[in-house]
Amino acid sequence: MKTNSYCSIRKYKNLLREATTYEMWKEAAYQLDNLEGKEEWKADDEFEHYNHKLIRQHLSQIQKFRKTQKSQQLYKFLHESLYQNLGNITEPALYQNSRVGTKNLIKDYLNEVVRSMNFLCDTTFSQVSDYEKLKLFKSAQRNFGRSALLLSGGAVFGVYHLGVIKALREQDLLPSIISGASMGAIVAGIICSRNEIELDEFYSNTEHIYLKAFQLLDFKMMLHKKSILDSKQLFRLIRRNIGNYTFEEAYKRSGRILNISVSPTRSHQKPRLLNYLTAPEVSVSYSALASCAVPGIFSPVSLVTKNQHGRHRFYLENEKWIDGSIHSDIPFERLSRLHNVNHTIVSQTNPHVLPFLIPQQRKGNIPFMFNFATSIAHAIGNEILKTLRIRNDPGFLGFLLHKMHAILNQKYIGDINIYPSFNPFLYHKLLKNPSHSGLKQFILEGERATWPKLDMIDDHTIISRTFEACIQRLKQKVNLGPF
């Protein structure tokens, strides 16, 4: 009996690794959970990492108000008690015991919250108009917060982001707020400048994607531009894959809020997060190009705006911009301030970050010592760069030290983190143009990295997604339009 069970586990683990669709992966994951006794763990409410008594209490109270149709008490209770991490239900440890899902109690609670929110949204109450409901839901949404997808830099590794987005979108889990830096800015621009029909066509015809981003300059131009790769060639790829849209035009086409991080070249200037609120007329293509301008690799970029008549002019004419991931690969604070984001899904592909992410997810003495050693090295390196910056005059060395300190001193992970398997043998391809077969493999690996996180993403975002859906329905009822 034990031999049969062992063979079955080995069989499904192989299927898990070789899956080419989420359905194949999920079926194998379910079978493994059953064979390893994870269903019993899910059925048991108790677990040290969350407050099961509090969740059970809230579940009972919400059910009582909904079933007795006490709408005012139900709204008040949801408004006051709903927040992202009630009872610590977003703790990652809750999703590490099984491959699919978590405690049944958490699922029951989330499903009841969604059922009650839809009940309040869609039921007619004589004492509350649709317009008043809309105001109540907007107020509750501000209190609860929103989720965003953040795409890191990573040169050609950033192509993995396309697989991450494909997996999220196929399960209706793609957030409406997407931020990108460097290569992540290009991918974010591609996604946020297309409507749903155009995105279906994009993923169905990947052989039509223009892939030539990297082209060496001749030696004379390298000296003149102080960079090794041709920015014009990169812009050719960006324009062919994104188009000629402003941030406001992209928002109106897709309904998604595109955010691109760019960094100024001048010292004592803060990085910018460009979007339809902060820079509505700025070109998405030029912003993506600027966000990819790694010093020494690509030349700094002037940003361009386009007005309603299609005329172009420079944005902040005396300023040039470089790689957004240098100062803010993952712009948490500005997303929070601009869009009320308090929950982040990070797709991380930066080559200098990946080696340090994988050991953090493993248990045992060796991973612990690795994390301990890297933390000490990070702290020492940060202090050395800080001291050198203070002691050096402005100039190229001071500029370089400032950028190195910015890279080392920022945070690279979010609430949920998706990243490909670390493979040092792929690093020689960082600045090489992928083939179309290579592109498909990058996309598949991005999907495979995302599938194990889909249940956690679903649970963490289901309430914020329900808020958005309810608000859109209420807007249509009071004739305010979809946006």
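Student: Where does Gln-69 lie?

Tutor: Gln-69 sits in the loop between helix 4 (52-67) and helix 5 (71-81). Helices here are DSSP runs of H or I with at least four residues, and strands are E runs of at least two, numbered from the N terminus. This is a predicted model, where local features need pLDDT of at least 70 and side-chain atom pairs count only at pLDDT 80 or more, while totals for chains, interfaces and linings use all residues. Residues are numbered from 1 along each chain as its sequence is written, and side-chain values use heavy atoms, leaving out hydrogens and water.

Student: Why is Gln-69 called exposed?

Tutor: Its relative accessible area is 53%. Exposed means over 50%, buried under 20%, and partly exposed in between (1.4 Å probe, protein chains only), so Gln-69 counts as exposed. Gln-69 also has a positive phi of about 55°, although it is not a glycine.

Student: What makes Asn-340 partly exposed?

Tutor: Asn-340 has a relative accessible area of 28%, so it counts as partly exposed. Its place is the loop between helix 16 (332-339) and strand 8 (341-347), and its phi is positive too, near 60°.

Student: Which helix gives the largest share of the positive patch?

Tutor: Helix 12 (residues 231-242) does, with 3 residues.
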